[in-house]
Amino acid sequence: MFSEETRAIRVTVAPTYLQDQSDPDEARWVWAYTVRIENRGTEKVQLVSRHWMITNARGRQEEVRGPGVVGKTPMIEPGKSFEYTSGCPLDTPSGFMTGTYQMVAESGERFDIRIPTFSLDLPREHRSTLSQEHRTLN
């Protein structure tokens, strides 16, 4: 798991490789990631938008911006949290994601909170198989 805290809001991310949705022969690797946003502050906040930077193993970046997350703009009370799961396909067997959420405080103030940079890696057994295949081809 990966965590980062900004202005008393902790964002924790847990990525999971989805072998059943991936097809390495078609250069498609898919991950799910579960995000937990915990309001450790004293003021109610609302998540209004997201900004992701997704980087594959070759360094190609894709930028994703949009309202809310998974179709929601959750209001998070002090001491409460919001959790959701989404997914990310890549055309390489690894990569990483990072980004920010734009929040609005009860006072009307807008501010960004950091999403921790997290890696999208194959489970160990898949990496060693790919490494052996790569050595055989070279």
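Colleague: Why is Asp91 called partly exposed?

Modeller: Its relative accessibility is 27%. Buried means under 20% relative accessible area, exposed means over 50%, and partly exposed is what lies in between (1.4 Å probe, protein chains only). Asp91 at 27% therefore counts as partly exposed. This is a predicted model, in which local features need pLDDT of at least 70 and side-chain atom pairs count only at pLDDT 80 or more, while totals for chains, interfaces and linings use all residues. Residues are numbered from 1 along each chain as its sequence is written, and side-chain values use heavy atoms, with hydrogens and water left out.

Colleague: What makes Arg60 and Asp91 a salt bridge?

Modeller: The closest N and O atoms of Arg60 and Asp91 are 3.5 Å apart. The rule asks for a side-chain nitrogen of Lys or Arg within 4 Å of a carboxyl oxygen of Asp or Glu, so the pair of Arg60 and Asp91 at 3.5 Å qualifies. Arg60 lies in the loop between E4 and strand E5 (61–67), and Asp91 in the loop between E7 and E8, so the bridge ties together parts 31 residues apart in sequence. Strands are DSSP runs (E, at least two residues), as are helices (H or I, at least four), and both are numbered from the N terminus. Arg60 is partly exposed at 46%.

Colleague: How many salt bridges does that rule give?

Modeller: The count comes to 11. In one of them, the side chains of Arg114 and Glu4 meet at 2.5 Å, N to O. Arg114 is in strand E9 and Glu4 in strand E1 (residues 2–6), so this pair joins parts 110 residues apart in sequence. Arg114 has 42% relative accessibility and counts as partly exposed; Glu4, with 24%, also counts as partly exposed. Salt bridges also link Glu5, Arg10, Glu38 and Arg40 in a network.

Colleague: Why does Lys44 with Glu77 count as a salt bridge?

Modeller: The closest N and O atoms of Glu77 and Lys44 are 3.8 Å apart, so the pair meets the rule. Glu77 is in the loop between strand E6 (75–76) and E7, and Lys44 in the loop between E3 and E4, 33 residues apart.

Colleague: What makes Trp52 and Tyr101 an edge-to-face pair?

Modeller: The model holds 7 aromatic pairs. For Trp52 and Tyr101, the centres are 6.3 Å apart and the planes make 85 degrees. Rings of Phe, Tyr and Trp (its six-membered ring) pair if their centres lie within 6.5 Å; planes under 30 degrees apart are stacked, over 60 edge-to-face and the rest tilted. So 6.3 Å makes Trp52 and Tyr101 a pair, and 85 degrees makes it edge-to-face. Trp52 sits in strand E4 (residues 45–56) and Tyr101 in strand E8 (residues 95–105), 49 residues apart.

Colleague: How do you know whether Trp52 and Tyr101 are buried or exposed?

Modeller: Trp52 has 2% relative accessibility and counts as buried, and Tyr101 is buried at 0%. Both are among the residues that touch the most other members of the largest nonpolar core, which has 29 residues. Such a core is a set of buried Ala, Val, Leu, Ile, Met, Phe, Trp, Tyr and Cys residues joined through side-chain atoms within 4.5 Å.

Colleague: What makes Arg7 a charge over a ring?

Modeller: The charged end of Arg7 is 3.9 Å from the centre of the Phe111 ring. The rule wants NZ of Lys or CZ of Arg within 6 Å of the centre and within 35 degrees of the ring normal. Arg7 therefore counts as sitting over Phe111.
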